[in-house]
Amino acid sequence: MNCSIGFINPQSYNILEKYDYNLLGSCITEKLDVTYYCSIKVEKDDLDVNYLKIFKYQKYKSIFKLISYLYSMITLYLYLIKVKHDIIHIQWFRLPFLEIPCLYLINKLVLGSKPLVYTAHNIYPHDSGSLFRWAHKFVYHVFDTVIVHDETTKRKLEELTRHNKIEVIHCGTFNLEPINEVEVDVRSAIDRSSCGYVLVFGNAGYYKGSDILLEIWRQSGLDKLGVRLIIAGNGYDQFINKSEIPESVTLISRFISESSLASLMTAVSSKKVEMSRW
């Protein structure tokens, strides 16, 4: 008898789509029937799963974005009631304090208490306040199993929640696809780094320490060895004053293409210098 799984990720686009694609591709068997509730922005839909592209909120802004997301959640709940999966697996929430109670009630009252699984990519949502964090620790007890990607996160989550069913499944690697030309400023940054460089990439944020990045770089002393720091990603201009950027630092404060990121990673690997995703 096959096991039916509802795999839910409202944020399944860009890098998170790749995460899902590689995860589902590595675990699908003929004994699993997977329905993938995902974004309309999913591009690769060649896995042996049932794709239901119900999340469209990324197309909108402000109140229309919220309305679209709520409509998609109602659509999701109707599908869950109709299909009655054996297991429901959630990757990310956008409105956890609304979605989780709804999911809990539907599961208890309509679905017959199916196993609920949640992958905790972070213990708390990014940049959340103390009240939100206090309330969030109770959220985990809605789920029968919580999946994390390392032992440290498991230990911290057990201390916080006293949840007795936290499983570690290590996050594997996935390949970037260099499908476009490498952007000019990225190529220039690589060419200037003859002695190697440290790469920091991803969206900026306080929880990542973006506000102290330059201070840490100065204290490292790597610039005295000829090593450069390349920072690539959205939002860094909110944390870093361009007039204070030292000569040893290249700032590309915007989203970079997958081809450019692949080129940066390949070059940093060949130069044998450390790389970090912030």
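Buried means under 20% relative accessible area and exposed over 50%, with partly exposed in between (1.4 Å probe, protein chains only). The model shown is predicted: local features need pLDDT of at least 70 and side-chain atom pairs count only at pLDDT 80 or more, while totals for chains, interfaces and linings use all residues. Residues are numbered from 1 along each chain as its sequence is written, and side-chain values use heavy atoms, with hydrogens and water left out.

**View A. Ser62 and Arg162, two non-glycine residues with positive phi**. Ser62 has a phi of about 50 degrees and lies in helix 2; helices (H or I, at least four residues) and strands (E, at least two) are DSSP runs, numbered from the N terminus. Ser62 counts as exposed because its relative accessibility is 56%. Arg162, with a phi of about 60 degrees, is found in the loop between helix 5 (151-161) and strand 7 (166-168). Its relative accessibility of 66% places Arg162 in the exposed class.

**View B. The largest nonpolar core, with 31 residues**. Such a core is a set of buried Ala, Val, Leu, Ile, Met, Phe, Trp, Tyr and Cys residues joined through side-chain atoms within 4.5 Å. Phe55, Leu76, Leu80 and Phe143 have the most contacts inside this core. Helix 2 provides the largest share, five residues. Leaving aside neighbours within four places in sequence, Leu76 is in contact (heavy atoms within 4.5 Å) with Ile8, Tyr37, Ile54 and Phe55.

**View C. The largest cavity, with a volume of about 50 Å³**. On a 1 Å grid over the protein atoms alone, a cavity is a set of points where a 1.4 Å probe fits but cannot get out, and lining residues have an atom within 4 Å of a point. Grid points are joined across faces, edges and corners, and the volume is the space filled by probe spheres set on the points. The lining consists of Ile8, Met73, Leu76, Tyr77, Ile90, Trp92, Phe93, Glu99 and Leu103. Two or more of these residues come from each of helix 2 (62-83) and helix 3 (96-111).

**View D. The buried face of helix 7 (residues 213-220)**. Leu213, Leu214 and Trp217 are buried in this helix. Just after helix 7, Gly221 takes a positive phi of about 75 degrees.

Note on methods:
1 Å grid on protein atoms, 1.4 Å probe; cavity = no way out; pocket = protein on both sides within 12 Å on 5 of 7 lines; lining within 4 Å. Arc of directions from axis to C-beta.
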